[in-house]
Amino acid sequence: MLTLNNIEVVYDGVILVLRGVSVNVHEGAITTVLGANGAGKTTTLKAISGVLRSERGEVTKGSIDYAGRRIDGMRAHDVTRLGIAQVFEGRRVFEHLTTEENLVAGGHIHSDFARIREGIDLVYSYFPRLKERRSQQSGYLSGGEQQMLAIGRALMSRPKVMLLDEPSLGLAPMLVEEIFGIVSRLVKQEKLSVLLVEQNATMALKVADHGYVMENGRIVLEGDAAKLRDNSDIKEFYLGLNEGGVRKSYRDTKHYKRRKRWLS
Amino acid sequence: MEWEFTLLLIGNGVLIGLMYSLIALGFVVVYKATDAINFAQGEFVMLAALFSAAVMVLMELPFWVAVIVAVLGMVSFSFGLERVVLRPLLGRPVVAVIMATIGLAAILRGLGPMIFGAETRSISLPVGDEPLRLGPFILQPVQITGALVALAFLGGFTWFFLRSRMGVAMRAVADNQQVAMAMGINVERYFALAWAMAGIVSALGGVVWGAMLGVDVHVSLVGLKVFPVVILGGLDSIVGAVVGGLIVGIVENLAAGYLDPLVGGGSKDFAPYVLMIIALMVRPYGIFGKRKIERV
């Protein structure tokens with residue numbers, strides 16, 4: 001339903017960040033993009049949602065297609081209206097607004113008050129903890145609650161596709177489990193399609209149906225999540241990435257890329 | 001006798017203070033939504049006063065026409081300003097916008113008299129000028145009108161920001177533009193709306209202020225009062241603008257009544273600034289301003 005065809009993204013007119021990325025987001029499923037810091041995962045999401053332009057970035061080649069129309073080059077608020085919502089890395093709640101005001105802002109594209117109310121109730125049914133904190137200033141919520149709020153806020157526009165950027169960042173493992181559990185439920189019950197960007201490969205491959213691996217602005221590997229989990233390269237470089245030093249893993253990365261080409 | 005004099009000073013301070021609040025409101029709305037510091041707020045007020053004087057004195061049209069012209073004129077002026085000057089500066093350092101508004105202020109102070117003439121014109125509100133006596137208070141009808149207009153706007157804006165969907169969206173824009181964009185909020189449209197609101201406030205402020213002082217380039221000096229008001233109250237708080245305005249109005253009048261006879265005059269103009277500097281040292285975000293939230 002959402003397809004990136006060979007896109008190239010350039011920042012400031014000179015810095016090439018994505019070099020020919022093709023990703024296919026499957027309907028009603030979780031698609032994940034794995035990769036290390038600086039691989040271009042967040043840029044990929046921003047290219048889809050259209051906020052790239054506010055950072056002086058631009059899709060210079062390829063196309064992003066969604067539900068039969070080209071959306072690269074569209075403005076962020078128009079993309080949201082089409083049914084694509086982005087949950088930003090590091091939560092980014094509107095700190096000075098209360099929990100409920102955050103949700104109201106998230107439902108901005110609906111001008112009908114009853115629809116906003118309905119959305120708020122839906123969010124509270126998935127995240128009951130937010131209901132308890134409804135009139136609290138969101139800047140003072142805990143990290144987990146803020147992540148829930150960020151996801152809930154994105155739900156308020158009633159998206160068909162949710163772009164989820166590192167929801168596990170800085171959260172305790174138990175909370176990560178809880179949040180991923182809720183995301184999985186959302187996919188099943190609300191017929192949501194999710195494009196999940198993660199560094200936590202173990203968790204991401206557990207919930208995802210399909211996965212991509214990104215390095216240096218390119219997709220180097222893709223396949224079913226189950227297949228990726230069994231892939232020996234993934235096992236070595238992503239599921240156990242933290243064991244090696246920086247230098248070693250860099251070299252291994254090169255080695256791994258070579259081997260991948262050889263394999264295919 | 002003594003306490004009556006004090007009350008009189010305070011009463012007048014409250015009325016003038018509310019006018020300051022109204023004018024500071026234009027500043028606060030723009031800062032709240034767009035993070036821009038508008039150093040030309042006083043000149044906005046002057047421009048509105050010039051518009052209304054042109055309609056009432058030069059064209060001899062009735063008062064309400066002048067108000068409509070001032071409001072429409074200021075709204076289109078601030079829309080145009082946002083579009084032509086400020087939008088291209090989006091995403092640049094804050095200093096760029098500050099310098100742009102300072103430049104704009106100078107241009108308006110020069111162009112205003114050039115177009116409308118430099119002489120002082122008097123405009124009058126249709127409220128009469130028989131002062132109202134209420135116990136110890138002697139109140140000017142013009143000032144009462146100003147205070148009522150100010151209260152109406154302060155109430156209206158408070159409601160807008162706290163209760164309306166658009167107001168919440170505007171605060172969201174102020175908090176984080178990029179995220180607001182991704183929520184489907186048309187950030188540029190809200191910037192324009194904020195400037196238009198500042199334009200309306202300035203228009204009404206200009207008409208009332210012009211009626212109090214007479215219309216010429218000196219009307220813009222009221223802009224100097226805006227800074228102590230917003231620093232005391234908090235740059236982004238509407239309640240803060242009210243409280244700050246009241247404090248500045250009262251302090252100013254008390255200084256004029258008690259200090260001026262001792263020092264030979266002039267303390268009225270700097271007393272609010274002394275307060276402002278103290279406020280900056282004690283509570284840099286103002287009495288009601290947003291604190292930077294830090295979680296540990």
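Helix α5 (residues 141–163) and helix α8 (residues 187–213) of chain B pack with their axes within 9 Å of each other, crossing at roughly 170 degrees. An angle over 145 degrees counts as roughly antiparallel, so α5(B) is roughly antiparallel to α8(B). Please keep in mind that this is a predicted model.

**Helices α5 and α8 of chain B**
- The crossing of α5(B) past α8(B) is left-handed.
- On the α5(B) side, the contact is made by V142(B), Q143(B), T145(B), G146(B), V149(B) and F153(B).
- Facing them from α8(B) are V201(B), L204(B), V208(B), A211(B) and M212(B).
- Sorted by class, the residues of this contact between α5(B) and α8(B) are eight nonpolar and three polar, with no charged ones.

**Helices α9 and α10 of chain B**
- Helix α9 (residues 223–233) and helix α10 (residues 238–263) of chain B have axes that come within 7 Å and cross at roughly 125 degrees.
- That angle makes α9(B) oblique to α10(B).
- Here the handedness is right-handed, as α9(B) passes α10(B).
- From α9(B), the residues taking part are K225(B), P228(B), V229(B), V230(B), L232(B) and G233(B).
- They meet G240(B), A241(B), V243(B), G244(B), G245(B), I247(B) and V248(B) of α10(B).
- The contact of α9(B) with α10(B) counts eight nonpolar residues, four polar ones and one charged.

**Where chain B touches chain A**
- Between the two chains, 19 residues of chain B are in contact with 23 residues of chain A.
- Two helices of chain B, α6 (165–175) and α7 (177–182), each supply at least two residues of the side that touches chain A.
- Of these, α6(B) gives the largest share of that side of chain B, with six residues.
- The side of chain B that touches chain A is made up of nine nonpolar, five polar and five charged residues.

**Domains of chain A**
- Chain A is split into domain 1, covering 2–230, and domain 2, covering 231–264.
- The C-alpha centres of domain 1 and domain 2 of chain A are 27 Å apart.

How values were computed
Residues numbered from 1 in each chain as written. Chains lettered and ligands numbered in written order. Predicted model: local features only at pLDDT ≥ 70, side-chain atom pairs only at ≥ 80, totals over all residues. Axes fitted to C-alpha atoms, helices over the stretch in contact; angles between N-to-C directions. Helix = DSSP H or I, 4+ residues; strand = E, 2+ residues; numbered from the N terminus. Parallel < 35°, antiparallel > 145°, perpendicular 65-115°, else oblique. Left-handed = near helix turned anticlockwise from the far one by under 90°. Contact = placed C-beta atoms within 7 Å. Nonpolar A, V, L, I, M, F, W, Y, C, P; charged D, E, K, R; others polar. Domains from an automatic or database assignment.
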